[in-house]
Amino acid sequence: IISMMKAAKVFEGEHDFSNFCKMNVAEVSNFKREIYNSSIVEFISNTVDPGRSVFMLQIEGVAFLWHMVRCIMAVLFLIGEKREEINIVSELLDLTKTPAKPIYNMAPEIPLVLHDSSYDNLNLKWTPKILWSLTGHYESLYEKHAIAAAQALNSIEFVKSRAMRLKDIKNFPQIMGLK
């Protein structure tokens, strides 16, 4: 996670994000954007099993491109999985070194959350009714997913606790084609 944290910081400042978006040249001709803050932060800490802690990317900037955050996360995941080095971010931001976007899968859209945006001459009002409604919606969503996550974790622990015969363990690499 440390390497992802370091790599996230490289996005800060003004850069050409051509290699971090889906190209929409019919509507966009300038792919330069400014990122004020890009950081990986711990969202849910698990002191018993740190591998189950939850982290998130907080990113603030001006005028994001189509699928820009998903492309950024995809590269950060590759770094976290040690399939890429931290310097890949700088190389992809430098269009003289990497003039064309390499092929990589975008990160999924499901976990993305947009918290805030602003537009000239638009001021959204947070009324008690809106806040009450949103709180109820997200509490219900959280409960549903927390229960599903607990069920999955329970199943993982159950499967891991199953007894194995020594001969099955010895034959496992051969069965899986690892030998």
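Helices (H or I, at least four residues) and strands (E, at least two) are taken here as DSSP runs, numbered from the N terminus. On that basis the chain holds five helices and three strands, and from the N terminus on its elements follow the order α-β-β-β-α-α-α-α. This is a predicted model, in which local features need pLDDT of at least 70 and side-chain atom pairs count only at pLDDT 80 or more, while totals for chains, interfaces and linings use all residues. Residues are numbered from 1 along each chain as its sequence is written, and side-chain values use heavy atoms, with hydrogens and water left out.

The overall dimensions come next. The radius of gyration, taken over C-alpha atoms, is compared with a globule rule of 2.2 Å times the number of residues to the power 0.38; the chain has 21 Å, whereas a compact globule of 179 residues would have a value near 16 Å. Along the principal axes, the C-alpha atoms fill a box of roughly 70 × 50 × 30 Å. Accessible areas come from the Shrake-Rupley method with a 1.4 Å probe, and for residues only the protein chains shown count as cover; the chain's accessible surface comes to about 13,800 Å², with 59% of it belonging to carbon and sulfur atoms. If buried means under 20% relative accessible area, exposed over 50% and partly exposed in between (1.4 Å probe, protein chains only), then buried residues make up 22% of the 179 residues.

With contact meaning heavy atoms within 4.5 Å, Val41 touches Val54, Phe55, Met56 and Gln58, not counting residues up to four places away in sequence. The loop between β2 (32-44) and β3 (54-61) contains Ser53, which counts as buried because its relative accessibility is 14%. Leaving aside neighbours within four places in sequence, Ser53 is in contact with Glu42, Ile44, Ser45 and Asn46. The side chains of Ser53 and Glu42 are also joined by a polar contact of 3.3 Å, a term for a pair of N or O atoms within 3.5 Å where, within protein, one must be able to donate a hydrogen and the other to accept it, and residues adjacent in sequence count only if both atoms are side-chain atoms.

Charged pairs are considered next, a salt bridge being a side-chain nitrogen of Lys or Arg within 4 Å of a carboxyl oxygen of Asp or Glu; by this rule the count comes to five. One of them joins Arg52 and Asp49, with the closest N and O atoms 3.4 Å apart, and Asp49, Arg52 and Glu157 are linked in a network of salt bridges. Another pairs Arg70 with Glu109 at 3.5 Å between the closest N and O atoms. This pair links distant parts of the chain, 39 residues apart, with Arg70 in helix α2 (residues 68-80) and Glu109 in the loop between α3 (88-93) and α4. Arg70 is buried because its relative accessible area is 14%, whereas Glu109, at 44%, is partly exposed.

Helix α4 (residues 128-160) includes Leu134, which counts as partly exposed because its relative accessibility is 31%.
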